[in-house]
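Open the model in your viewer and keep the selection tool at hand. Each stop below says what to select and what is there.

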2 protein chains.
Amino acid sequence: MQIGDCSLVLQPSQPDLVLNVGRVTLGEEYRQKQQKFQRDKEKKKVVLAACALLNSGGGVIQMEMANEADHPLELGLDLEQALRELIPSSDVLQAFFETRQQGRFFHIFVKSWSNAALPEDNCTKPRICSVSSSLYRRSGTSTICLDLRQAYDFLKTQKRKAQNTLLNEESEHSKILRAMHQDIMESNSPFQVFQSNKIEYGHILPFPESHSVEFKQFSTQKTQEYVKRVIQEYIPAFANTGGGYLFIGVHDKSRRVLGCAKENIDPDSLQRVIAQAISKLPVFHFCSTDAQVFYEIKVIDVFKNENLYGYLIIVNVEPFCCVVFSEDPASWMVKEQQKIVKLNMNEWVAKMMNTDPDLPEAFESQLTLSDHPAYCREQVNHKTQLQQHLFPVSPGRWQYIPETLWMELSSQHKGLEELIHQQVHPASWGILIFSRSWAVDLGLEEKQGVLCDALLIAHNRPPTLYTILGDQDAEGQDYCNRIALTLKQKLVTMGGYTGKLCVMTKVLCLNPNINAVSLEMSSSQIHYPWSYNFVGTQQMESFLQALMIVLLGFRSLLRYQPEKNSYLSNFHHHSHLFVHDLPVSGKATMAMKIRDRNIRLYMEAEEVENVCEDVSGKTTMAMKIRER
Amino acid sequence: MQIGDCSLVLQPSQPDLVLNVGRVTLGEEYRQKQQKFQRDKEKKKVVLAACALLNSGGGVIQMEMANEADHPLELGLDLEQALRELIPSSDVLQAFFETRQQGRFFHIFVKSWSNAALPEDNCTKPRICSVSSSLYRRSGTSTICLDLRQAYDFLKTQKRKAQNTLLNEESEHSKILRAMHQDIMESNSPFQVFQSNKIEYGHILPFPESHSVEFKQFSTQKTQEYVKRVIQEYIPAFANTGGGYLFIGVHDKSRRVLGCAKENIDPDSLQRVIAQAISKLPVFHFCSTDAQVFYEIKVIDVFKNENLYGYLIIVNVEPFCCVVFSEDPASWMVKEQQKIVKLNMNEWVAKMMNTDPDLPEAFESQLTLSDHPAYCREQVNHKTQLQQHLFPVSPGRWQYIPETLWMELSSQHKGLEELIHQQVHPASWGILIFSRSWAVDLGLEEKQGVLCDALLIAHNRPPTLYTILGDQDAEGQDYCNRIALTLKQKLVTMGGYTGKLCVMTKVLCLNPNINAVSLEMSSSQIHYPWSYNFVGTQQMESFLQALMIVLLGFRSLLRYQPEKNSYLSNFHHHSHLFVHDLPVSGKATMAMKIRDRNIRLYMEAEEVENVCEDVSGKTTMAMKIRER
Ligand SMILES: [Zn+2]
Ligand SMILES: [Zn+2]
């Protein structure tokens with residue numbers, strides 16, 4: 001993808017999103033020696049890649065080192081600072097970015113911009129990151145570009161305001177804003193000047209700059225371009241902060257009216273330029289109107305010794321009902337695992353405000369009716385409970401899940417057991433989750449010749465997906481990578497997994513004619529940092545909880561398919577429902593969920609009863625399971 | 001109060017906190033001409049005053065202008081920026097600070113640092129502001145001082161972590177941190193250098209700076225002072241961010257070991273200095289231990305051509321369980337309306353984390369059992385419902401509340417009606433809330449000679465408290481000011497009022513021998529901005545809701561006292577309970593609250609029934625009121 005001068009390339013054949021940004025100079029010492037132009041160009045592409053990856057489940061920025069270095073290097077302070085501005089201010093850089101030098105390559109490992117670990121924090125954080133919000137407001141005598149958190153808070157406030165206005169016709173808010181103007185109106189000066197038709201050159205305006213008054217002097221050259229730029233920044237700022245007056249033609253410190261000499265501007269065409277610039281400002285409405293920015297332009301004749309010298313321009317902006325942008329916000333995503341796209345304003349606001357609810361929260365809030373912040377620990381426990389039933393983590397022990405499937409597979413395929421044992425051997429303990437096709441489980445297309453897929457969650461290792469082929473197949477690695485990447489992204493976006501994550505891949509071949517492991521294809525050549533491994537049971541449990549949500553959100557927890565292409569109808573005799581020990585409300589919800597989605601779940605409980613319960617008027621099916 | 005070189009004086013005889021900070025130069029043009037030392041000194045005292053007022057319910061900073069100016073001035077960019085750093089980043093300067101020039105004086109009107117308007121935002125904001133958190137962390141290769149929001153998030157995270165560690169003995173968190181170190185440990189270099197006993201001068205360390213490695217060179221002079229300062233900043237930063245290695249004696253860009261020449265330092269005394277500096281770092285525990293910062297100091301001999309040249313110092317810091325400060329955070333409050341005090345670390349953390357719950361939230365959460373964020377609009381409505389019953393706002397109409405008291409007072413005191421009418425005349429409509437003593441209602445001492453106090457809430461005017469005296473009394477104004485200030489502070493801190501607020505005061509005298517209004521004493525000479533007036537019904541209702549909470553939190557909603565000194569026993573025959581239309585849970589809670597506090601409430605409902613209800617096992621008294 002070409003972004004201005006930068007080109008970003010998504011690397012194929014990886015189980016992770018790997019964005020190659022080309023040559024970059026690394027290390028503070030070397031970057032300081034660079035020309036500013038070159039440094040900024042490199043920074044721009046690194047930041048763009050980081051933004052796109054943060055918004056797309058995480059990944060790796062790959063750089064070729066432009067400079068020689070005998071020893072490993074750090075990024076450089078300017079790159080660090082630029083990356084720091086992308087992440088939530090409460091986090092430290094290394095929580096999202098880790099670096100590793102690998103020969104001529106330098107990698108930045110980017111964690112997903114994630115939801116908070118606890119639901120109580122979720123309401124406070126936007127769902128995406130941006131390079132710039134393109135949102136300006138007035139704060140004191142300054143115009144500031146809102147950072148991500150400020151932008152998020154502002155959007156929330158404006159949304160609430162719009163909703164209140166709907167409830168309350170008289171728009172209290174604008175009255176309060178008007179009251180804040182009142183002091184200025186009392187002395188009445190900006191308003192008085194705005195009403196006048198002529199003014200003396202050098203006249204000192206009798207009021208200072210404030211949140212609603214800004215003085216600008218004309219630039220000496222490219223007047224129209226300059227005015228356009230000023231309009232683009234200041235008109236949204238005033239509109240987003242209670243309105244105000246922009247004076248063009250006043251020296252800001254001395255407040256002297258200098259105007260613009262009549263030889264240099266044509267007031268009519270300048271008015272048209274201003275009007276056009278304002279009409280192009282993107283506006284977003286939370287309210288039901290399609291109001292535009294309301295403003296008036298006044299051109300005042302500036303006299304010098306009773307002769308017309310030039311013009312003073314004043315733009316009076318009314319407070320805007322909702323949100324005025326200066327341009328589309330700058331935020332990128334990787335779409336469909338293959339192209340980098342810039343979000344438009346509407347997509348951006350929707351993501352920021354999280355108007356498309358994600359599954360993990362819906363899942364949790366359905367699990368319990370009392371999801372008050374005070375109860376969230378309890379809530380988390382429900383999720384934990386479920387996970388401990390489905391995928392119990394037992395330190396020191398190896399588990400093959402579902403056991404019945406594993407037994408069937410290993411008896412069907414000679415040599416499978418040995419092959420798997422060899423693979424898991426380096427790890428001390430963990431879980432292997434088998435499926436006839438993880439691809440189908442995740443809604444991807446299945447592949448002929450795949451005997452089964454197995455996901456390894458093992459202590460001190462990263463999660464690893466194995467695809468076991470009946471025979472050699474050059475496309476096996478791509479298939480495995482595709483599943484792994486999809487799984488990772490779903491774990492993050494649906495499952496709400498917040499840790500550093502990459503699902504590694506390995507393709508195994510079980511051709512009895514070749515030595516079992518001879519066709520082992522190595523996956524990614526990128527060496528991930530240690531923090532991408534599972535270091536403890538809590539981390540493994542978090543992963544398994546996310547996995548559970550991903551699988552529940554789809555067709556089956558573990559699709560078990562005795563006969564191909566009929567996996568929704570026939571079930572093995574060992575299938576059971578897993579709902580257990582949850583409060584009645586949770587059970588009922590789960591039952592509805594299961595019924596709605598035609599999900600069948602596997603457990604080894606001995607007895608299953610279906611109990612009809614009337615929950616708040618609607619008859620839903622709840623399931624009750626007795627302890628074995 | 002003396003703060004270093006600055007002196008701040010609380011002005012007496014005001015219904016608001018007014019802090020005089022002395023002479024200050026104002027206006028960007030003038031401030032830029034100042035010497036930096038003088039400018040910073042002025043800034044320091046303004047910021048300190050603003051912090052103290054923000055934390056104490058708001059007030060006014062009074063400055064004498066040090067410079068001449070023909071026209072009103074703005075503050076100046078450096079002052080604006082310093083003030084902006086005090087407020088939540090999501091707010092704009094003018095939301096908290098407004099300025100007004102008044103002759104030789106310049107006033108900054110400071111709104112209270114307030115809780116958010118909606119409960120859902122409350123969890124996300126600290127309860128106080130600070131000039132500095134004195135909390136450092138590592139972010140990438142930098143050490144950053146946390147701003148208020150970062151500090152708040154960090155405290156919350158550490159608290160949660162401490163609680164999780166209690167639940168889970170194995171301390172997953174530190175394992176993850178160790179995993180992040182692992183990469184550095186793998187190449188093993190900082191650890192290897194730390195283990196060694198000698199190193200060559202000029203040797204280039206084979207690893208870069210990172211979140212866990214910092215290189216510092218010795219300063220050329222005042223080595224001990226310099227080392228102390230470095231320790232105070234970097235040791236907490238590493239301890240708060242997963243631990244790390246501080247190298248003193250390495251050039252940071254070239255990574256060359258330069259050490260400190262042996263002539264210039266004594267390694268033993270330097271080790272003592274370091275140990276002492278670390279032992280003085282204030283630590284705060286959320287966990288149950290009293291652990292100190294764990295560290296090791298290593299002095300490594302630096303050789304040059306096989307001769308001892310000097311020393312390299314390495315401090316290895318372990319991750320800390322909770323929070324390490326560099327010094328006490330810098331935050332001030334006005335205590336007991338009369339002195340400015342600096343908070344210590346424990347007070348500061350308690351305020352930040354809001355471990356002392358405030359009334360408004362307790363009030364609301366008791367009002368309804370379902371205070372999930374999704375329901376908060378409903379919740380607000382409960383408060384609104386109550387307020388609309390007790391203090392209905394009727395645009396265009398005057399109301400005297402309680403009517404019975406007003407009738408009694410006006411028949412008792414000849415001329416009162418005329419006096420009051422004259423006072424309220426300039427306003428178009430509003431509410432006057434009478435009490436025989438607002439002082440007693442607010443828990444203050446009553447005053448002999450006061451006929452009654454009346455609080456005016458009127459359209460386009462600020463809230464105003466009238467004290468009506470039977471005869472002239474020089475202390476009347478002080479009495480009235482004291483009530484007004486107490487009321488304002490309670491409205492903000494207890495009532496959760498978030499608007500700009502000052503309760504104005506006016507003392508009236510009803511001596512029949514003098515003309516009714518002749519002894520009108522004007523209250524504050526400070527002219528408040530327009531935004532301190534009520535501009536609409538919503539704002540008045542918010543005020544009245546806060547007032548309701550303040551009064552319910554105390555002895556009576558409106559103490560009505562037919563006989564002095566027995567106001568808790570005898571009640572007028574018009575007294576009724578007001579609970580109405582609330583959900584059962586709210587009723588029960590309210591009933592408990594009323595019973596617990598011996599509160600009697602006034603309403604004009606016709607019938608009152610007490611109903612015993614069993615709420616979750618406890619028998620509580622609920623009240624049911626039929627519609628008139
Ligand atoms: Zn709108
Ligand atoms: Zn601790």
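This is a predicted model: local features need pLDDT of at least 70, side-chain atom pairs count only at pLDDT 80 or more; totals for chains, interfaces and linings use all residues.

**Stop 1: chain A**

Select chain A and colour it by secondary structure. Chain A contains 19 helices and 26 strands. It has 628 residues, of which 59% count as buried. Now consider its contacts between residues at least 6 apart in sequence: 72% of them join residues at least 24 apart.

**Stop 2: the zinc ion of ligand 1**

Select the zinc ion (ligand 1) and show the side chains of His285(A), Cys287(A), Cys321(A) and Cys322(A), its protein donors. The histidine donates through ND1 and each cysteine through SG, at 2.1 to 2.4 Å from the ion. What is the arrangement of the four donor atoms around the zinc ion (ligand 1)? The site is tetrahedral, with angles of 101 to 117° among the donor atoms.

Along the chain, the donors of the zinc ion (ligand 1) have the spacing H-x1-C-x33-C-C. Is Cys322(A) buried or exposed? Cys322(A) counts as buried because its relative accessibility is 0%.

**Stop 3: the zinc ion of ligand 2**

Move to the zinc ion (ligand 2), which is coordinated by His285(B) through ND1 and by Cys287(B), Cys321(B) and Cys322(B) through SG, at 2.1 to 2.3 Å. Its four donor atoms subtend angles of 101 to 118°, so the arrangement is tetrahedral. The spacing of these donor residues in sequence is H-x1-C-x33-C-C.

Cys287(B) counts as buried because its relative accessibility is 16%, under the 20% cut-off. Cys321(B) has a relative accessible area of 25%, so it is partly exposed.

**Stop 4: an open sheet in chain B**

Show chain B as a cartoon and find the five strands that form an open sheet in the order 3-4-5-7-6, with mixed pairing. Strand 3 (9–10) and strand 6 (97–102) of chain B stand at the edges with a single partner strand each, so one side of each has no neighbour in the sheet.

Next select residues 59–65 and 105–110 of chain B, which are strand 5 and strand 7. These two strands pair in the antiparallel sense over six bridges. Which residue stands opposite Gln62(B) in strand 7 of chain B? It is His107(B).

**Stop 5: a hairpin in chain B**

Select strand 8 (residues 136–139) and strand 9 (residues 142–145) of chain B, an antiparallel pair with four bridges. Ser139(B) has Ser142(B) as its bridge partner. Two residues lie between the strands of this hairpin, and Gly140(B) takes a positive phi near 65°.

**Stop 6: two packed helices in chain B**

Finish with helix 14 (residues 403–412) and helix 15 (residues 416–424) of chain B, which pack at about 120° with their axes 7 Å apart. Show the side chains of Trp406(B), Leu409(B) and Ser410(B) in helix 14, which meet Leu416(B), Glu417(B) and Ile420(B) in helix 15. The residues of this contact are four nonpolar, one polar and one charged.

Technical notes. Residues are numbered from 1 along each chain as its sequence is written. Chains are lettered from A and ligands numbered from 1 in the order in which they are written. Side-chain values use heavy atoms; hydrogens and water are left out. Donors are N, O and S atoms within 2.8 Å of the metal (3.2 Å for Na, K and Ca); water is not among the atoms, so sites may look incomplete. Four donors count as tetrahedral if all angles lie between 85 and 135 degrees; four count as square planar and six as octahedral if opposite donors are over 155 degrees apart and all others between 65 and 115; anything else is irregular. Buried means under 20% relative accessible area, exposed over 50%, partly exposed in between (1.4 Å probe, protein chains only). Two strands pair if DSSP finds at least two bridges between them. Axes are lines fitted to C-alpha atoms, for helices over the stretch in contact, and angles run from 0 to 180 degrees between N-to-C directions. Contact means heavy atoms within 4.5 Å. Ala, Val, Leu, Ile, Met, Phe, Trp, Tyr, Cys and Pro count as nonpolar, Asp, Glu, Lys and Arg as charged, and the others, Gly among them, as polar.
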